[in-house]
Amino acid sequence: MSLKTKIGNGLVVAPGVSDALGALIATDAGFDAVYLSGASIAYTRFGRPDVGLVTATEVEACLAAICDRVETPVIVDADTGFGNVLNVQRTVRAFERAGAAAIQIEDQSFPKRCGHLADKKVVPAQEMVGKIRAAVDARVSADTLIVARTDAIAVEGYDSAVERMERYAEAGADVLFVEAPQDVTQQRDLPVKLGHLGPLLANMVEGGRTPIADAKTLAAMGYRVAIFPGGLVRAAAHMTRAYMASLKANGSNEPFRDRMLDFKELNGLVGTPELLALGKKYE
């Protein structure tokens with residue numbers, strides 16, 4: 001089932017991942033989609049903040065590895081499209097070939113930064129309209145969704161963000177993503193004002209600027225996609241700190257064993273027996 005069909009059937013919850021292991025675990029947990037987060041790639045691969053340091057080819061490599069491992073639809077964070085309209089088209093073609101089900105492009109200026117950080121800047125609305133049109137023209141399949149994100153609330157105000165999203169929808173965006181509504185009033189108002197133009201995406205960032213809501217509440221508000229882009233990284237960082245402290249203090253993993261997969265369990269998760277059996281088939 002395509003992501004477009006899944007969104008049409010109800011709210012799609014997509015946990016954020018940065019690699020194939022996270023996508024595999026999310027798939028095993030039963031999620032209908034995953035969100036390849038540029039921020040999570042920056043955090044996990046480079047130990048750096050989300051300030052536009054990750055390149056298109058680095059995201060593409062992560063995307064390809066995930067799509068090679070799982071069939072779960074991937075929504076991929078393409079930042080600003082990594083340049084002008086021609087870069088946007090190249091990015092869309094590359095990400096679609098790698099297996100993306102949806103490609104998200106935002107209207108920040110480059111270098112961009114996390115949508116929940118201060119001092120963001122946005123490009124003129126007409127420039128972003130051109131990027132959306134270029135992205136739509138570049139995709140091969142209509143099932144590859146173009147997600148338009150605006151960061152204008154923090155820069156130009158709420159009304160401007162709504163007006164921008166109306167223009168982006170007219171330009172052909174399939175999914176509408178207004179980043180960082182400041183309160184529950186804005187959060188509830190967005191589907192009322194924009195829901196007739198296309199499915200809306202909600203971004204849940206623990207400790208960010210937007211009130212956190214669960215999937216049932218977001219669905220009742222009128223959202224059709226909910227991403228939790230950084231939750232896995234925050235959980236993993238918390239667990240990694242605890243593990244390192246335990247190993248340093250005890251000189252052994254024994255006190256931490258009940259919070260770890262053992263050798264057999266990890267190999268079962270990643271499919272080692274099945275892969276070895278496949279190899280024997282060709283001997």
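A search through the whole structure turns up 2 cavities of 30 Å³ or more. A cavity here is a set of points, on a 1 Å grid over the protein atoms alone, where a 1.4 Å probe fits but cannot get out, and lining residues have an atom within 4 Å of a point. Grid points are joined across faces, edges and corners, and a volume is the space filled by probe spheres set on the points. The model is a predicted one: local features need pLDDT of at least 70, side-chain atom pairs count only at pLDDT 80 or more, and totals for chains, interfaces and linings use all residues. Residues are numbered from 1 along each chain as its sequence is written, and side-chain values use heavy atoms, with hydrogens and water left out.

The largest cavity comes out at about 70 Å³. Its lining includes Phe177, Val178, Pro181, Leu190, Met204 and Tyr223. Strand S6 (175–178), helix H9 (184–194) and strand S7 (201–203) are the elements that give two or more residues to this lining, and S7 gives the most, with 3 residues. Helices (H or I, at least four residues) and strands (E, at least two) are DSSP runs, numbered from the N terminus. By residue type, the lining of the largest cavity has 9 nonpolar, 3 polar and no charged residues; Ala, Val, Leu, Ile, Met, Phe, Trp, Tyr, Cys and Pro count as nonpolar, Asp, Glu, Lys and Arg as charged, and the others, Gly among them, as polar.

The second largest cavity holds about 40 Å³ of space. Among the residues around it are Gly38, Pro49, Asp50, Leu53 and Asp79. This lining splits into 5 nonpolar, 2 polar and 2 charged residues.

Then there is the largest pocket, with about 670 Å³ of space. A pocket is an open set of points with protein on both sides within 12 Å along at least five of seven lines. Its lining runs to 23 residues, with Leu21, Ile25, Ala236, Met239 and Leu261 nearest the centre. Strand S1 (12–17), helix H2 (20–29), helix H11 (231–250) and helix H12 (263–270) each give two or more residues, and H11 has the largest share, 6 residues. The pocket lining is made up of 17 nonpolar, 3 polar and 3 charged residues.

Helix H5 (residues 85–98) has 14 residues and reaches 20 Å from first C-alpha to last, close to the 20 Å expected, taking the expected span as 1.5 Å times one less than the number of residues. At the N-terminal end, Asn84 caps H5 through a side-chain oxygen that lies 3.0 Å from the backbone nitrogen of Leu86. Just after H5, Gly99 takes a positive phi of about 120°. The buried residues of H5 (under 20% relative accessible area) are Val88, Thr91, Val92, Ala94, Phe95, Glu96 and Ala98. Their cover includes helix H4 (56–69), strand S3 (74–77), strand S4 (102–106) and helix H6 (125–138).

Thr80 sits in the loop between S3 and H5 and is buried, with a relative accessible area of 2%.

Conventions:
Buried < 20%, exposed > 50% of the residue type's maximum accessible area, 1.4 Å probe, protein only. Contact = heavy atoms within 4.5 Å. Polar contact = N/O pair within 3.5 Å; in protein donor to acceptor, adjacent residues only side chain to side chain.
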